[in-house]
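Work through these exercises with the structure open beside you. Each task is followed by a solution in steps.

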Amino acid sequence: MVAETNMGVQNLIYPLFIEDGKGVKREITSLPRNYRWSLDLILPEIEECANAGLDKFVLFPAVSESLKDPIASYSYADENFYLHAIRAIKERFPHIELMSDVAMDPYSSDGHDGLMQNGRILNDETLPILAKMAIAQAQAGIDILGPSDMMDGRIGFLRDALDSEGFQEVSIMSYTAKYASAFYGPFRDALDSAPKTGDKKGYQMNPANKREAIIEAKLDEAEGADILMVKPAICYLDVIQTLRETTNLPITAYNVSGECAMIYAASANGWLNYEQSMAEMLLSIRRAGADGILTYFAKDFALNA
Ligand code: PBG
């Protein structure tokens, strides 16, 4: 009765990694308990999660190096296995909520989220590429787009592009306050998507800044975002709380790969109790004010719930 916060499977979004091919279930070295799946094996995995009450997923593509180029053209190519997978998953499980990643890095030979020229990111020239990617994902049947690129003005640009193509009902969960964080390491290992040169500090936020998150939130809200995200979660609980007090939109927080990896590693060594520390971490994100949490713990939490 006196618990101020609750944490349930309905609050969770499960990130899954998919690659082309058949019969693939490859554990990610720096993110144990998580895998790169091929479509044939991800379908039963999603079914198992759905049976445990977990019905929201975000899908990330691992693209082979030979398909990457400077303009990320594979991201909207007809033969793109990721788009095919979105179609197949939504056909098989129409009632799950499927979310995507919109950014150039999985498809870019530079490994950056935006278009790179002479060592610089071209913000405005990136937007039409993101829009092509977004429309291709909408055509494939995605429910919620997740622009994770941090280019300025992309939410309004994507909203306009979607609306003019007849996709008024596709929602946007904006990576609103995405920090240039060291905690994305295992994710980049999972997708082989680390930047080839430089870092992402030109477009991702400075971990020193909180007021800037409010500026980003107001822009995204005005541009038409449906959900605002803070990422990472654990080092940024104060940012989640501040945005909760700033906006009436739903807020999600991304409990990123490095945050989960710490608990996997410590519990594998017997230094932490896995279930308890995971549950406490998730509860703290809810207490800070997040409605939803993207977390690699989602399935284990659901199975324990
Ligand atoms: C890139 C993207 C990243 C993550 C989600 N989308 C990594 C990055 O910005 O380099 C990280 C998620 C995680 O660490 O779990 N568009």
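This is a predicted model: local features need pLDDT of at least 70, side-chain atom pairs count only at pLDDT 80 or more; totals for chains, interfaces and linings use all residues.

**Exercise 1. Find which parts of the chain the salt bridge between Glu45 and Lys299 ties together.**

Step 1. Side chains of opposite charge can pair when their charged atoms come close.
Step 2. Check the distance. Glu45 and Lys299 form a salt bridge at 3.1 Å, N to O.
Step 3. Locate both ends. Glu45 sits in helix α1 (residues 39-51) and Lys299 in helix α10 (residues 298-304), so the bridge ties together parts 254 residues apart in sequence.
Step 4. Glu45 is buried, at 7% relative accessible area. Lys299 is buried too, at 15%.

**Exercise 2. Decide for Glu65 and for Lys68: buried or partly exposed?**

Step 1. Confirm the pair. The side chains of Glu65 and Lys68 meet in a salt bridge of 3.3 Å, N to O.
Step 2. Take Glu65. Its relative accessibility is 44%, which counts as partly exposed.
Step 3. Take Lys68. Its relative accessible area is 9%, so Lys68 is buried.

**Exercise 3. Trace the salt bridge between Asp113 and Lys200.**

Step 1. Read the distance. Asp113 and Lys200 meet at 2.6 Å, N to O.
Step 2. Place the residues. Asp113 is in the loop between β5 (97-99) and β6 (115-117), and Lys200 is in the loop between α5 (185-191) and α6 (211-223). The pair links distant parts of the chain, 87 residues apart.
Step 3. Asp113 is buried at 0% relative accessibility. Lys200 is buried at 6%.
Step 4. Widen the view. The whole structure has 20 salt bridges.

**Exercise 4. Describe the surroundings of the ligand.**

Step 1. Count the neighbours. The ligand is surrounded by 18 residues. The closest are Arg188, Lys200, Lys231, Ser257 and Tyr296.
- Lys178 has a side-chain N or O atom 2.7 Å from an oxygen atom of the ligand.
- Arg188 places a polar side-chain atom 2.6 Å from a ligand oxygen atom.
- Lys231 places a polar side-chain atom 3.3 Å from a ligand nitrogen atom.

Step 2. Check the cover. On its own the ligand has 400 Å² of accessible area, and the protein covers 100% of it.
Step 3. Name the space. The ligand takes up the largest cavity.

**Exercise 5. Examine the backbone at Pro232, Asn118 and Asp192.**

Step 1. Most residues other than glycine have a negative phi, and most peptide bonds are trans.
Step 2. Inspect Pro232. The peptide bond from Lys231 to Pro232 is cis, with omega near -10°. Pro232 lies in the loop between β10 (227-231) and α7 (237-246).
Step 3. Inspect Asn118. Its phi is positive, near 50°. Asn118 sits in the loop between β6 and β7 (120-122), and is exposed at 77% relative accessibility.
Step 4. Inspect Asp192. Its phi is positive, about 50°. Asp192 lies in the loop between α5 and α6, and is partly exposed at 47%.
Step 5. Link back to charge. Asp192 joins Glu19, Arg26 and Arg36 in a network of salt bridges.

Terms used
Residues are numbered from 1 along each chain as its sequence is written. Side-chain values use heavy atoms; hydrogens and water are left out. A salt bridge is a side-chain nitrogen of Lys or Arg within 4 Å of a carboxyl oxygen of Asp or Glu. Helices (H or I, at least four residues) and strands (E, at least two) are DSSP runs, numbered from the N terminus. Buried means under 20% relative accessible area, exposed over 50%, partly exposed in between (1.4 Å probe, protein chains only). A residue is near a molecule or strand if one of its heavy atoms lies within 4 Å of it. A polar contact is a pair of N or O atoms within 3.5 Å; within protein, one must be able to donate a hydrogen and the other to accept it, and residues adjacent in sequence count only if both atoms are side-chain atoms. Accessible areas come from the Shrake-Rupley method with a 1.4 Å probe; for residues, only the protein chains shown count as cover. On a 1 Å grid over the protein atoms alone, a cavity is a set of points where a 1.4 Å probe fits but cannot get out, and a pocket is an open set with protein on both sides within 12 Å along at least five of seven lines; lining residues have an atom within 4 Å of a point. A molecule sits in a cavity or pocket if more than half of its atoms lie within 2 Å of its grid points.
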